[in-house]
Amino acid sequence: MNGNDLINVLREGIKVFYGHDPIVTLAPGALDARILRNVLGVKTAVFEPGNGELAHSDNEYIEVNDVLNSTKVYMYIINKLLSKKEKSRET
């Protein structure tokens, strides 16, 4: 698996369960993912469901449907990437 596989499967999952392409943004200094990527060389992507405009505000919340859909996206990613790994072992 490479980083593009992770990104492509994440995009697919968001499209399947949210019905639209993901909104892609960069937050280079705000997340621990940069440590995983830069120090440990781990392929990373951050998926944060909910309304980004409410993040870290006094009125921050997430809709129940977003929690359910994001769980489905995570399961979709895991299933797809493990399936690719199994197929590569078979060949």
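Biologist: What is the nearest side chain of opposite charge to Asp66, and how far away is it?

Modeller: In this predicted model, that side chain is Lys72, 11 Å away.

Biologist: Where is Asp66 found, and which residues does Asp66 touch?

Modeller: Asp66 belongs to helix α3, residues 64–90. Not counting residues up to four places away in sequence, Asp66 touches Tyr18, Pro49 and Gly50.

Biologist: Why is Ile35 called partly exposed?

Modeller: Its relative accessibility is 38%. Buried means under 20% and exposed means over 50%, so Ile35 at 38% counts as partly exposed. Ile35 lies in helix α2, residues 33–38.

Biologist: What makes the nonpolar patch on the surface, and what is its accessible area?

Modeller: The patch is formed by Ile35, Leu36, Val39, Leu40 and Val42, with about 440 Å² of accessible area together. Patch residues need over 30% relative accessible area, and Ile35 has 38%.

Biologist: Why does Glu60 count as partly exposed?

Modeller: Glu60 has 48% relative accessibility. The cut-off for exposed is over 50% and for buried under 20%, so Glu60 is partly exposed. Glu60 sits in the loop between α2 and α3, and, leaving aside neighbours within four places in sequence, is in contact with Leu54 and Ala55.

Biologist: Which elements have the lowest and the highest mean pLDDT?

Modeller: Helix α2 has the lowest, 86, and helix α1 (residues 3–18) the highest, 91. The protein averages 87.

Conventions: Residues are numbered from 1 along each chain as its sequence is written. This is a predicted model: local features need pLDDT of at least 70, side-chain atom pairs count only at pLDDT 80 or more; totals for chains, interfaces and linings use all residues. Side-chain values use heavy atoms; hydrogens and water are left out. Helices (H or I, at least four residues) and strands (E, at least two) are DSSP runs, numbered from the N terminus. Buried means under 20% relative accessible area, exposed over 50%, partly exposed in between (1.4 Å probe, protein chains only). Lys and Arg count as positive and Asp and Glu as negative; His and the chain ends are not counted. A salt bridge is a side-chain nitrogen of Lys or Arg within 4 Å of a carboxyl oxygen of Asp or Glu. Contact means heavy atoms within 4.5 Å. Patches are made of residues with over 30% relative accessible area and no salt bridge: like charges are joined within 9 Å, nonpolar side chains (Val, Leu, Ile, Met, Phe, Trp, Tyr) within 5 Å. Accessible areas come from the Shrake-Rupley method with a 1.4 Å probe; for residues, only the protein chains shown count as cover. pLDDT is the predictor's confidence in each residue, from 0 to 100.
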